Amino acid sequence: MKMTRDEKIAAGIVLSETKHNGHRRAFFHDYSRPGLYMITLVTEGRLRLFGRIVGHSSEKKGTENYPHLEYSRLGSVIIHEELAKISQFYPMVEVCKVALMPDHIHLLIKVREHLPHGKHLGNVVRGFKTGCTRAWWKLQDEMGISGGMVGNTVPEALVGRTVPEALVGRTVPEASPSGMRPVLFEKGYHDRILMGDGMLENICRYMDENPFRAKLREEHPNLMQRCLHLWIHDREYAAFGNLFLLKNPDRLQVFFHRKDKEGRPTHLTLEYAEAKEQLLQRAEEGAVLVTPGISKGEQGIVTGALTEHLPLILLQKEQITDYWKPSHDRFYACATGKLLILSPRLMPGDSDYERFHSLNDLAHDICHATDTRILRIGCGF
């Protein structure tokens, strides 16, 4: 009898990937040719199976207590056994860097030469995912989780390096009627094509700082809240950062046209330099600056506020979702309580020009808001 695709996966058979999945960004790209990629894989249900973050954000980098991942047995197997198999099956593929987190993994992969005929990056990733899933099943069997404990809860006595924290007190999922066992990773993966040394440097720094950022969010939850339903006046927003900035009664809109009345670039004029100095001074005295940072003049104020650690509410058209994260400098501004990022749930306007002007209108509205309602705070950490 012919096996179904799911039955083949359950049996540990590595299947060929024939289509780019929905997580891919570059549908135009040939994923069989040489290139440098950052791959992100997430556990099914965001279970924290690979270990736990230990340490403290106040410790110096390189010291024993600087935030890092303490591997579970599964995390250790992936790092010390499964990763090496990638190059064993595909000698032209090199794993340059790894960042393992409790519920996801980042891989910096270099394809040095063309993959074998009919193969592409998807085959490499699928093989790794399948190997990790089979290793997970094997550990479950060894610990008696998938056998005698199916349908029961995992006792706290097994926590730590034996059983990941994520499983303690949770019901072990039973196999499906067809005998399938649960997969380790969610469907698909996210890839990013790296081009240029600057991009590579930023990605490496991001991967290195993953545990530190996770610990920082854990230690300062009030400063990095993710609110997906926030109402200001009659408009709904999603937010990330310090919501208490909305309670500051002294909120100043930052708005500059691209050019002044004489047609000169505003950010190059003496008047702008004086206005910038005054705005930053007001922020030093406790006012909160509010802007979408669209024009170069507004961008200059945003840069100044972030550099000098001044309070700022920043509007953006990019949606804030369950797992959206701000960029490097904005993340740390949130961590110090100096930044709140807002994105309107419904962006007014039919063109970028109209939307940009609408964001400035919303900044004005926020500066004069007297009512703010939070319907639900959704944290995707």
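Visitor: Why is arginine 264 called partly exposed?

Guide: In this predicted model, arginine 264 has a relative accessible area of 39%.

Visitor: What makes the contact between aspartate 260 and arginine 264 a salt bridge?

Guide: The N to O distance between their side chains is 2.7 Å. The cut-off is 4 Å, so the pair qualifies. Arginine 264 also forms a salt bridge with glutamate 262, where the closest N and O atoms are 3.8 Å apart; this value too is within 4 Å. Together with Glu271, the residues Asp260, Glu262 and Arg264 are linked in a network of salt bridges.

Visitor: Why is glutamate 262 called exposed?

Guide: Its relative accessible area is 59%. Exposed means over 50%, so glutamate 262 belongs to that class.

Visitor: How many salt bridges does the structure hold, and which parts of the chain does the pair of aspartate 141 and arginine 181 link?

Guide: There are 13 salt bridges in the structure. Aspartate 141 and arginine 181 form one of them, with their closest N and O atoms 3.2 Å apart. This pair links distant parts of the chain, since aspartate 141 lies in helix α3 and arginine 181 in the loop between α3 and β6, 40 residues apart. Aspartate 141, at 45% relative accessibility, counts as partly exposed, and arginine 181 is also partly exposed, at 23%.

Visitor: Why is the ring pair of phenylalanine 50 and phenylalanine 185 called tilted?

Guide: The ring centres are 6.1 Å apart, which is within the 6.5 Å required of a pair. The planes meet at 45°, neither under 30 degrees (stacked) nor over 60 (edge-to-face), so the pair is tilted. Phenylalanine 50 is in the loop between β1 and β2 and phenylalanine 185 in the loop between α3 and β6, 135 residues apart. Phenylalanine 50 is buried at 0% relative accessibility, and phenylalanine 185 is buried at 4%.

Visitor: What makes arginine 46 a charge that sits over the ring of tyrosine 323?

Guide: The charged end of arginine 46 is 3.9 Å from the centre of that ring; the distance limit is 6 Å. The charged end of arginine 213 likewise sits over the ring of phenylalanine 331, 5.9 Å from its centre. Phe331 also belongs to an aromatic cluster with Tyr66, Phe212 and Tyr332.

Visitor: Which residues have the most contacts inside the largest nonpolar core?

Guide: They are Ile39, Val93 and Phe128, in a core of 39 residues. Helix α3 supplies the largest share, 10 residues. Among the residues that phenylalanine 128 touches are Leu41, Ile78, Leu83 and Leu107. A second, separate core has 32 residues, including Ala287 and Leu306.

Conventions. Residues numbered from 1 in each chain as written. Predicted model: local features only at pLDDT ≥ 70, side-chain atom pairs only at ≥ 80, totals over all residues. Heavy atoms only, no water. Core = buried A, V, L, I, M, F, W, Y, C linked by side-chain atoms within 4.5 Å. Buried < 20%, exposed > 50% of the residue type's maximum accessible area, 1.4 Å probe, protein only. Helix = DSSP H or I, 4+ residues; strand = E, 2+ residues; numbered from the N terminus. Contact = heavy atoms within 4.5 Å. Phe/Tyr/Trp six-rings, centres within 6.5 Å; stacked < 30°, edge-to-face > 60°. Lys NZ or Arg CZ within 6 Å of the ring centre and 35° of its normal. Lists of a residue's contacts leave out its neighbours within four places in sequence.
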